Amino acid sequence: MFQEQADMTFTRVDTPDGEILISSRAEVLESDSDRATRELMEEGARNRRADPMSLDSDNPMNLDLPEGPQPRVRNRTHEAGTRVMEGDVEVNDTNIHPWFSGWEEYDDDAGRVGVATGDGRAGLWETSDGNIRVGASGRLELFGAEGEDDSGSGAELQGLGLTGDAWFGSEGFNLGGGATALGGATSTGRSDPNSSGDDHIRYGGGAGSGFGIRGHWGDSDEDGAAELGFGFDAGPITLDVTSEDWAGAPGRLWDRATGSEP
Ligand SMILES: [Ca+2]
Ligand SMILES: [Ca+2]
């Protein structure tokens, strides 16, 4: 519904010839939204006068929009919650990210569980941990679950999955791919920001085949001591080992095995 108000003004004018003229003038009172629209159009007109060549069909008003395509707010790896039958291809100025979820429960801290999931990345992107990666990675799976506690101990399970990675990042690199009918891995270790002697091991296997090599040099507990290590997939076997202090690792492993860990 559109409402308009007007002020009417009547003016009497006595001419030198003795005539009396009555003039009337109607002034339409502008609503807030009308004023905003008028100001927008005036700004567009000013900009077009200042730079006539800059007019384009995406921005006919020629307003001062930020440069380039804008990243979408919704980002699957940065948002906790439940998703049922969702999918999209997100594109921003550094990467393309196609994904779909049949059903998925995702939590940045606790982990995720999903049925029918596809997730791809290509370009340059930031992970939910704040690491920067360049390259490509992809994953298609009918069932997948993974979880990890604060210490870095956790478990993962995958059923009917395909993965591929070719990326280099601030926390390591990953090159390889594989197909899994049913596979799982478990991890144990310590991740303590008050200790620069943490170790971590992840190992697993299953019915499947893949080949991959990985390097690790991230600092996930942000204590200034990088967790250096390596990993590989060979056929049905997967293994990753990292340590903040490889020289002291044998002693700590001995302490842990004998139950004398401090
Ligand atoms: Ca540490
Ligand atoms: Ca560290």
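Reader: In which strand is M85 found?

Author: M85 is found in strand β3 of this predicted model. Strands (E, at least two residues) and helices (H or I, at least four residues) are DSSP runs, numbered from the N terminus. Residues are numbered from 1 along each chain as its sequence is written, while chains are lettered from A and ligands numbered from 1 in the order in which they are written. Because the model is predicted, local features need pLDDT of at least 70 and side-chain atom pairs count only at pLDDT 80 or more, whereas totals for chains, interfaces and linings use all residues.

Reader: Is M85 buried or exposed?

Author: A residue is buried if 20 or more other C-beta atoms lie within 10 Å of its own, exposed if 12 or fewer, and partly exposed in between, with C-beta atoms placed from the backbone. M85 has 10 C-beta neighbours inside 10 Å and therefore counts as exposed.

Reader: Where does E222 lie?

Author: E222 lies in the loop between β9 (199–216) and β10. Its phi is also positive, near 55°, in a residue other than glycine. E222 is exposed, because 10 other C-beta atoms lie within 10 Å.

Reader: How many bridges link β3 and β4?

Author: Two strands pair if DSSP finds at least two bridges between them. Strand β3 (residues 81–91) and strand β4 (residues 95–107) pair in the antiparallel sense over ten bridges. Within this pairing, G81 has Y106 of β4 as its bridge partner, and G87 stands opposite F100 in β4. The two strands form a hairpin, with three residues between them.

Reader: In which sense do β4 and β5 pair, parallel or antiparallel?

Author: β4 and strand β5 (residues 111–126) pair in the antiparallel sense, over ten bridges. In β5, V115 is the bridge partner of W103. A hairpin through three residues joins β4 to β5.

Reader: How many helices and strands does the protein have?

Author: The secondary structure comes to two helices and eleven strands. Along the sequence, the pattern is β-β-α-β-β-β-β-β-β-β-β-β-α.

Reader: How many residues of helix α2 are buried?

Author: An α-helix has 3.6 residues a turn, so residues three or four places apart point the same way. In helix α2 (residues 249–258), the number buried is zero out of ten residues, so the helix lies largely in the open. G259 follows α2 and has a positive phi, near 80°. Of the 262 residues of the protein, 16% count as buried.

Reader: Which residues does D233 contact?

Author: Two residues are in contact if their C-beta atoms, placed from the backbone, lie within 7 Å. Leaving aside neighbours within four places in sequence, D233 is in contact with G176, G178, G210, F211, G212 and T238. D233 has its place in strand β10 (residues 228–234), and counts as buried because it has 26 C-beta neighbours inside 10 Å. D233 and G177 are 56 residues apart in sequence, yet 8.5 Å apart in space, C-alpha to C-alpha.

Reader: Where does A181 lie, and what does it touch?

Author: A181 lies in strand β8 (residues 172–189). Not counting residues up to four places away in sequence, A181 touches L160, A207 and G208. A181 is partly exposed, because 13 other C-beta atoms lie within 10 Å. Over the protein, residues 24 or more positions apart account for 46% of the contacts with a separation of 6 or more.

Reader: Where is confidence lowest, and where highest, among the elements named for the protein?

Author: The predictor's confidence in each residue is pLDDT, from 0 to 100. In the protein, confidence is lowest in strand β2 (residues 20–29), at a mean of 70, and highest in β10, at 97. The protein averages a pLDDT of 83, and 82% of the residues score at least 70. Over residues 54–58 the pLDDT stays under 50, and the model has four contacts for them beyond four places in sequence. Over residues 68–75 the pLDDT is below 50 as well, and this stretch has seven contacts in the model beyond near neighbours in sequence.
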